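Hi there,

As promised, I am handing over the structure, and my notes on it follow below. Have a look at the model before you read on.

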Amino acid sequence: MRPLRKIILGDNLEALAALPDAFASVIYVDPPFNTGRSFAEYDDRLTPEAWRTMMHARLDAARPLLADDGAIFVEIDDTELAHLQLVMDDVFGRDNRVSTVTIVRSASTGHKAINRGPVNVTDYLLVYAKDKSQWRCTPQWRTRETYDRAYGTFLVNRSAP
């Protein structure tokens, strides 16, 4: 049997409603981070309440699409991390929370280092199973030929030339 392939053009909430139940074993969501900025594609300046309502509706629509042994992965930064976790706990159940994975998105010594104050260099990936008792993680291994030199450098005096 060939896998179902569809391209649906429209608002993501309407598109989710057009898909059949138990459609996916994995769902990945990269929502607006609600950073307070405006982009050409979308406005990223919702009130916290409006952002939670928007995410709740989309996660509610995504849940029936997951197979019983499926999982959903949602990437977010620290702006709405706590709120997203509470919404996902509500939709998928706290007992189905698998993990919160930290993703390094940039280096503190990069272009952001000129900012005054703390520099955010991480995103987070919230992982929830539809039914944790049925979901099985498939471990992924990345073998390195040698020691990773990226972890061998540190600054003793950051004001030195």
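Arginine 58 sits in helix H2, residues 48–62 (helices are DSSP runs of H or I with at least four residues, strands are runs of E with at least two, both numbered from the N terminus). Arginine 58 counts as buried because its relative accessibility is 17%, where buried means under 20% relative accessible area, exposed over 50% and partly exposed in between, with a 1.4 Å probe and protein chains only. Leaving aside residues up to four places away in sequence, arginine 58 touches Asp11, Asn12, Leu13 and Leu16 (contact means heavy atoms within 4.5 Å).

Before going further: this is a predicted model, in which local features need pLDDT of at least 70 and side-chain atom pairs count only at pLDDT 80 or more, while totals for chains, interfaces and linings use all residues. Residues are numbered from 1 along each chain as its sequence is written, and side-chain values use heavy atoms, with hydrogens and water left out.

Now the sheet. Four strands form an open, mixed sheet in the order S1-S4-S6-S5 (two strands pair if DSSP finds at least two bridges between them). S1 and S5 (97–104) are the edge strands, each pairing on one side only. S1 and S4 run parallel and are joined by five bridges, and isoleucine 27 stands opposite isoleucine 72 in S4. H2 packs on the sheet and touches S1 and S4, its direction making about 155° with that of S4 (axes are lines fitted to C-alpha atoms, for helices over the stretch in contact, and angles run from 0 to 180 degrees between N-to-C directions). H3 also packs on the sheet, touching S4, S5 and S6, and its direction makes about 5° with that of S6.

The two helices meet as well: the axes of H2 and H3 (residues 81–92) come within 10 Å and cross at roughly 35°. Among the residues making this contact are Trp51, Met55 and Leu59 of H2 and Leu84, Met88 and Phe92 of H3.

Finally, the core. The largest nonpolar core has 25 residues, of which Ile27, Leu59, Ile72, Ile76, Leu84, Met88 and Phe92 touch the most other members (such a core is a set of buried Ala, Val, Leu, Ile, Met, Phe, Trp, Tyr and Cys residues joined through side-chain atoms within 4.5 Å). S1 (24–29), H2, S4 (66–76), H3 and S6 (122–129) each supply at least two residues of this core.

Best wishes
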